[in-house]
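This report describes the strands, surface and side-chain contacts of one model. Please keep the sequence and the coordinates at hand while reading.

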Amino acid sequence: MHLTTAALFLTAHAHGEHGAVVRLLTESDGLIAAYVHGGRSRKGKALLVAGNLLSARLERRAEGQLMRAALELET
């Protein structure tokens, strides 16, 4: 499954050494949890601020699996 949408960033939780599990709110799909590779890096931390409007590219291989996200700042 692939999805590209605008999303409001809500929270992030550390996962592993550099990754983060984030919660995003989208207009079409509601609340989504996703893994962001490098979410705790310098570049990643700047994006992951509550209230940021992000462009999110979400994908997962199988139903029931945690989605992976690539995020870009919109506002």
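In the hairpin of E1 and E2, which residue takes a positive phi? That residue is Gly16, with a phi near 75 degrees, in a hairpin that has three residues between the strands.

## Basis of the model

This is a predicted model, in which local features need pLDDT of at least 70 and side-chain atom pairs count only at pLDDT 80 or more, while totals for chains, interfaces and linings use all residues. Residues are numbered from 1 along each chain as its sequence is written, and side-chain values use heavy atoms, with hydrogens and water left out.

## Barrel

Five strands form a closed barrel in the order E1-E2-E3-E5-E4, and the pairing is mixed. From one strand to the next, the twist averages 55 degrees. For such angles, axes are lines fitted to C-alpha atoms (for helices over the stretch in contact), and the angles run from 0 to 180 degrees between N-to-C directions. Strands are DSSP runs (E, at least two residues), numbered from the N terminus. Two strands count as paired if DSSP finds at least two bridges between them.

## Strand pairs around the barrel

Strand E1 covers residues 2–15 and strand E2 residues 19–26; they run antiparallel and are joined by eight bridges. Within this pair, Leu8 has Leu25 of E2 as its bridge partner. On the E2 side, the next pairing is with strand E3 (residues 30–36), antiparallel again and made of seven bridges. A hairpin of three residues leads from E2 to E3. Thr26 is bridged to Gly30 in E3.

E1 also pairs with strand E4 (residues 53–59), in the antiparallel sense and over seven bridges. Here Ala6 lies opposite Ser55 of E4. Strand E5 (residues 67–73) runs parallel to E3, and two bridges join them. E4 and E5 are antiparallel, with six bridges between them, and Leu54 stands opposite Leu73 of E5.

The classes are set as follows: buried means under 20% relative accessible area, exposed over 50%, and partly exposed in between (1.4 Å probe, protein chains only).

The Thr26 side chain also reaches the backbone nitrogen of Asp29, at 3.0 Å.

## Nonpolar surface patch

Which residues form the nonpolar patch on the surface? They are Leu8, Leu10, Leu25, Leu31 and Leu53, which together have about 370 Å² of accessible area. Patches are made of residues with over 30% relative accessible area and no salt bridge; like charges are joined within 9 Å, and nonpolar side chains (Val, Leu, Ile, Met, Phe, Trp, Tyr) within 5 Å. The areas come from the Shrake-Rupley method with a 1.4 Å probe, and for residues only the protein chains shown count as cover.

Leu8 belongs to strand E1 and counts as partly exposed because its relative accessibility is 32%. Between Leu53 and Val21, the C-alpha separation is 17 Å and the sequence separation is 32 residues.

## Salt bridges

How many salt bridges does the structure hold? There are two, a salt bridge being a side-chain nitrogen of Lys or Arg within 4 Å of a carboxyl oxygen of Asp or Glu.

One joins the side chains of Glu59 and Arg68, at 2.7 Å from N to O. Glu59 is partly exposed, with 28% relative accessible area, and Arg68 is partly exposed at 40%. Arg60 forms a salt bridge with Glu63, whose closest N and O atoms are 3.7 Å apart. Glu63 counts as exposed because its relative accessibility is 71%.

Conventions: Helix = DSSP H or I, 4+ residues; strand = E, 2+ residues; numbered from the N terminus. Polar contact = N/O pair within 3.5 Å; in protein donor to acceptor, adjacent residues only side chain to side chain.
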